[in-house]
Amino acid sequence: AEYMGSPLLFARVMATRAGDETATKAECDAFFRKLSSQGANKVCFDCAAKNPTWASATYGVLICLDCAAIHRSMGVHITFVRSTNLDSWTYDQLKIMNVGGNQAATAYFQKHGLHNEKKHTKKYNSRAAALYRDHLKKAAAKLGDAFDVVVSEADQSHDAPSN
């Protein structure tokens, strides 16, 4: 089997790994490379800036650095922000990103009349936002241990110790 032209070295998160366990750097890199290659994820969820490298682990959306700063100012009880390439991620957080994504969040917030809301605090403090957070948590929990993180040979070399 191949993934993005490279042989598969890792394909499944094993049942022995707890959801709050930290994924490896190679797993995170592979996961976010795949996620950010999908249409709506190529732009910031909040402002449409290209190639976002931050994410709200709470809402499962990719965002730019400027919007990440706004999210951080709202507090972790509203939105928990991580860098897609600098921070560590737990398997539970990756599952939320997997079931979320910018396209799903856009559809949800449009349905509730909040996607074009310019005031971040109004959008993310709304009842609709709280319901979406709960929806993502439940959908992520349903993935259980069947959640796949695929790591190519090239990704694996990032975790190799240097001599």
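Contact here means heavy atoms within 4.5 Å. Keep that cut-off in mind as we walk through this predicted model, in which local features need pLDDT of at least 70, side-chain atom pairs count only at pLDDT 80 or more, and totals for chains, interfaces and linings use all residues. Residues are numbered from 1 along each chain as its sequence is written, and side-chain values use heavy atoms, with hydrogens and water left out.

Start with the whole chain. It has seven helices and six strands. Helices (H or I, at least four residues) and strands (E, at least two) are DSSP runs, numbered from the N terminus. Along the sequence, they follow the pattern β-β-α-β-β-α-β-α-α-α-α-β-α. Of the 163 residues, 45% are buried. Buried means under 20% relative accessible area, exposed means over 50%, and partly exposed lies in between (1.4 Å probe, protein chains only). Take the contacts between residues at least 6 apart in sequence: 67% of them join residues at least 24 apart.

Now look at helix α3, residues 91–99. Its buried residues are Y91, Q93, L94, K95, I96 and M97. They pack against α1 (25–36), β3 (54–56), β4 (61–63), β5 (81–83) and α6.

How do α3 and α6 cross? Their axes come within 8 Å, at an angle of roughly 110 degrees. That makes α3 roughly perpendicular to α6, a label for angles of 65 to 115 degrees. Axes are lines fitted to C-alpha atoms, for helices over the stretch in contact, and angles run from 0 to 180 degrees between N-to-C directions. On the α3 side, K95, I96, N98 and V99 take part. They meet L136, K137, A139, A140 and L143 in α6. By class, this contact has six nonpolar, one polar and two charged residues. Ala, Val, Leu, Ile, Met, Phe, Trp, Tyr, Cys and Pro count as nonpolar, Asp, Glu, Lys and Arg as charged, and the others, Gly among them, as polar.

Move on to the loop between α3 and α4, where G100 lies. Is G100 buried or exposed? It counts as buried because its relative accessibility is 14%. Leaving aside residues up to four places away in sequence, G100 touches G60, Y132 and L136. G100 and L136 are 36 residues apart along the chain, yet their C-alpha atoms are separated by 6.6 Å.

Next comes helix α4, residues 102–111. It packs on α6, residues 127–143, at an angle of about 145 degrees. The two axes are 10 Å apart. Which residues of α4 meet α6? They are A104, A105, Y108 and F109, and their partners in α6 are A128, A129, L131 and Y132.

Finish in the loop between α1 and β3, which holds A48 and N51. A48 is not a glycine, but its phi is positive, near 70 degrees. N51 is not a glycine either, and its phi is positive at about 55 degrees. Where do they stand in accessibility? A48 counts as partly exposed because its relative accessibility is 49%. N51, at 60%, counts as exposed.

Conventions: Parallel < 35°, antiparallel > 145°, perpendicular 65-115°, else oblique.
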